[in-house]
Amino acid sequence: MTQISYNGLKFKPFIPSVKIQERVKDIAAEISREYEGKVPLIVCVLNGAFPFAADIFRNLTIDAEITFIRLKSYSGTSSTGAVKEIAGLSEDIAGRDIIVVEDIIDTGRTMVKLLADLQAKNPASLRVATLLHKPEVCKAEINPDYIGFNIPPAFIIGYGLDIDGLARNLQDIWVVDDNA
């Protein structure tokens, strides 16, 4: 497929699933090495990070636990600038090694709020894994520990990323085709 359409926008292939899975395996191997002998708690930011977190979790060679938190900062194709918590963390994370798994760090506002909230709960360590990072538009001092791909400031869908709830199930990542 060379093009797909959602909500009147045309998208073209951007990152194929095979490349995504290669990066997932590399990141999982790095986490497994760094946390050998520990049992980190993976905090998946729903909904978008679900496929990425699940794939990382399945590729870990160490024991780990997983939990979920749901935040919202997007409407349509752009960030609203406000972070809304929809479902919070129920586990006690004091003294735990925490790895937050996010689908994309765009402006960085969502991650800044989440990290501040988690840090207030006194974890032993707090790290961030993001599938995608847009360093050109990041307005916050965020340096993810694990990055799948640095990408330009374009709107993308697939592999968890959506447009108004749709396209999350696409295995590849697609980018808006500005020439369509």
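Predicted model: local features only at pLDDT ≥ 70, side-chain atom pairs only at ≥ 80, totals over all residues.
Which residues does Ser32 touch, not counting residues up to four places away in sequence?

1. **Ser32.** Ser32 touches Leu60, Thr61 and Ile62, once residues up to four places away in sequence are set aside. Ser32 is found in helix α1. Its relative accessibility is 5%, so Ser32 counts as buried, the cut-off for that class being under 20%. One of the touched residues also has a polar atom close by: the backbone nitrogen of Thr61 lies 2.9 Å from a polar atom of the Ser32 side chain.

2. **Salt bridges in total.** How many salt bridges does the structure hold? The count is 8. As background, side chains of opposite charge can pair when their charged atoms come close.

3. **Glu34 and Arg127.** These two side chains meet in a salt bridge, with an N to O distance of 2.4 Å. The pair links distant parts of the chain. Glu34 sits in helix α1, residues 17-34. Arg127 sits in strand β7, residues 125-133. The separation is 93 residues. Glu34 has a relative accessible area of 35%, so it is partly exposed. Arg127 is also partly exposed, at 28%.

4. **Arg127 and Asp145.** Arg127 forms a salt bridge with Asp145 too, and here the closest N and O atoms are 3.9 Å apart. This pair again links distant parts of the chain, 18 residues apart. Arg127 is in strand β7, whereas Asp145 is in the loop between β7 and β8 (146-150). Asp145 has a relative accessible area of 37% and is therefore partly exposed.

5. **Asp55 and Arg58.** Another salt bridge joins the side chains of Asp55 and Arg58, at 2.1 Å from N to O. Both residues lie in helix α2, residues 50-59. They are 3 residues apart, about one turn of the helix. Are the two partners buried or exposed? Asp55 counts as buried, at 9% relative accessibility. Arg58 is exposed, with a relative accessible area of 62%.

6. **Glu91, position.** Glu91 lies in the loop between β5 (78-87) and β6 (97-105). At 30% relative accessibility, Glu91 counts as partly exposed. Glu91 and Phe68 are 23 residues apart in sequence. In space, their C-alpha atoms are 9.7 Å apart.

7. **Glu91, contacts.** Which residues is Glu91 in contact with, leaving aside its neighbours within four places in sequence? They are Leu41 and Thr67. With Thr67, the side chains are joined by a polar contact of 2.8 Å. A polar contact of 3.5 Å joins the side chains of Glu91 and Ser90. That value can be set beside the cut-off for a polar contact, which is within 3.5 Å.

Definitions and conventions
Residues numbered from 1 in each chain as written. Heavy atoms only, no water. Helix = DSSP H or I, 4+ residues; strand = E, 2+ residues; numbered from the N terminus. Buried < 20%, exposed > 50% of the residue type's maximum accessible area, 1.4 Å probe, protein only. Contact = heavy atoms within 4.5 Å. Polar contact = N/O pair within 3.5 Å; in protein donor to acceptor, adjacent residues only side chain to side chain. Salt bridge = Lys/Arg side-chain N within 4 Å of Asp/Glu carboxyl O.
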